Amino acid sequence: MTDSARGTAGLWGSAAALVGLLVGQLTSAITGPASSPMDAVGGLVIDQTPSALKEWAIATFGTANKTVLLLVIGVAVAALGWLAGWLQRRAGWAGAVLLAGLGVGSGIIAATRTTASPTSLIPGMLAALVAVLVLRWGLGRLKELEDSTDSRTAEPSRRLVMLGGAGAAVGGLGLLAVEGTVRPATVGRPPFELPTPRATSTLQPGLETRIPGLTPLRTPVPDFFRIDIALSIPRPETEDWVLTIDGMVRNPFTITFDELLAMPMVERDVTLTCVSNPVGGPYVGSTRWQGVLVADLLRRADPEPRAEQVLSHGADGFSASTPLDVLLDGRDAMIAIAMDGEPLTRVHGFPARLLTPGLYGYVGATKWLERLTITTFDEAQAYWTYRGWGERGPVKTSTRIDVPGNNLDAGPTTIAGVAWATHRGISKVEVRVDEGPWQEAELGKDVSDDYWRQWHLPWDAPSGTHQITARAVDGDGEVQTSAVQDVVPDGATGYHVRTVQVG
């Protein structure tokens, strides 16, 4: 077999694999996102990836980490398809077995995940069937060409090569089109009328109009960070949504979305922080939330005395372990249905999510909420605690320097940023330039102990390279620690330091 024939066989293998995968992805639009071959394999990869590697991916790619994973899966499928084409040309059957195994395997993975449905096998099976048919047709044409001429010198016809290339292009570009259009289409707000809350919150005007570059007091919903394990956004609808409260309770029950809307609602301004947020990082946001207090539901369920935690489950297979005493200590932990005065978007947990002021999201902010199971820490572990992260996850006192940037002109300027110690509040922020004394910054409006505070300090910047350091003091008088710790196992610590070049 000539080099050109080998290349053509590999090209047809890649085309077969990508076209089969495209068919599987399109089929999952009917059978449900949980049945998607790429999502099933990607979800398994996420579940099995060590925490350190996950944190590297978040730090390196940010909220695009899932897009990168899907691209890697696509490239891997194309590469395995190339191998399948080469094997099929040599052994006559091995390549078809490899492609069939990939498709069937993805279907089995989808069918065995926690988000599986009765139709989860179908896309993977169809992907396998189409991939094998395309491979056999293409390699069959190549063999016919060689049989009709001298196999040692026969070159594949230009038409056959072009067809293989076209197949690979259709598969690859089709996947990009599907992933680029179907997924973003799920980010909107499904319409329903929000009930009037019994208690509202008036957010005071902030400093954002006076200091360019300073984080707004309220984070716009499109800019609100998203960190979760979902490759495809779950799409529950309000008419089908049911929340189950069970476990160590004397009165287990279920509640529909209409019943949830009929309960007394509250509106609160709360800052939400991801445990993966590095010192000075972007994975923190603040907005107004509306929902039903979790304590009202828990009191109705009547937990048993030995219960310790509420294990919340989301439609994406995620779970969080929230200490029961935290949910009952009077804070405004809620089943949220709205943010910034509008129903939750799909990416932020529609139709309902858990929100617990004072805790990192991995233990208190389950999206696409489906179940609250009251249990003990010994009897059940959540998604991240099972992987070695801390059980309780209280938010640590932190501050971030927003301005100035890394390069500025000499002369009067402003150092400014935000600080948070959710559920304890911020009482002071101090700033130091180089090795100078700590200077107290002026704080912005105090919305609540559950909300971040803006701060700013005038600075007459001299020419040269300077280091700006900031630290916060919480409402209890505790100074933010200078000890440097990574995000694992329960949140990063240390001062935010920014190096600036003043011209």
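A salt bridge here is a side-chain nitrogen of Lys or Arg within 4 Å of a carboxyl oxygen of Asp or Glu. Keep in mind that this is a predicted model.

By that definition, the structure holds 17 salt bridges. One of them joins Arg 226 to Asp 228, with the closest N and O atoms 2.7 Å apart. Are these two residues buried or partly exposed? Arg 226 has a relative accessible area of 21%, so this residue is partly exposed. Asp 228 is at 14%, and therefore counts as buried; the cut-off for buried is under 20%. The pair also belongs to a network of salt bridges that links Arg 226, Asp 228 and Lys 367.

Next, Arg 250 and Asp 302, whose side chains form a salt bridge at 3.0 Å, N to O. These two residues are 52 apart in the chain: Arg 250 is in the loop between β1 and β2, and Asp 302 is in the loop between α9 and β5. Asp 302 is partly exposed, at 33% relative accessibility.

One further pair is Arg 268 with Asp 332, at 2.7 Å from N to O.

Now the strands. β5, residues 309-314, runs antiparallel to β6, and five bridges join them. Ser 312 sits opposite Ala 320 of β6. The two strands make a hairpin with four residues between them, and Gly 317 in the turn has a positive phi of about 95 degrees.

In a regular strand, side chains alternate between the two faces of the sheet. In β6, Ser 319, Ser 321 and Pro 323 point one way, and Ala 320 and Thr 322 the other. Five of the five residues of β6 are buried.

Last, the cavities. How many are there of 30 Å³ or more? There are two. The largest has a volume of about 100 Å³ and is lined by 14 residues; Asn 277, Pro 278, Ser 398, Trp 420 and Ala 492 lie nearest its centre. By class, that lining has seven nonpolar, six polar and one charged residues.

The second largest cavity has a volume of about 30 Å³. Strand β3 gives the largest share of its lining, four residues. This lining has six nonpolar, four polar and no charged residues.

Key: Residues numbered from 1 in each chain as written. Predicted model: local features only at pLDDT ≥ 70, side-chain atom pairs only at ≥ 80, totals over all residues. Heavy atoms only, no water. Buried < 20%, exposed > 50% of the residue type's maximum accessible area, 1.4 Å probe, protein only. Pairing = 2+ DSSP bridges. 1 Å grid on protein atoms, 1.4 Å probe; cavity = no way out; pocket = protein on both sides within 12 Å on 5 of 7 lines; lining within 4 Å. Points joined across faces, edges and corners; volume = space filled by probe spheres on them. Nonpolar A, V, L, I, M, F, W, Y, C, P; charged D, E, K, R; others polar.
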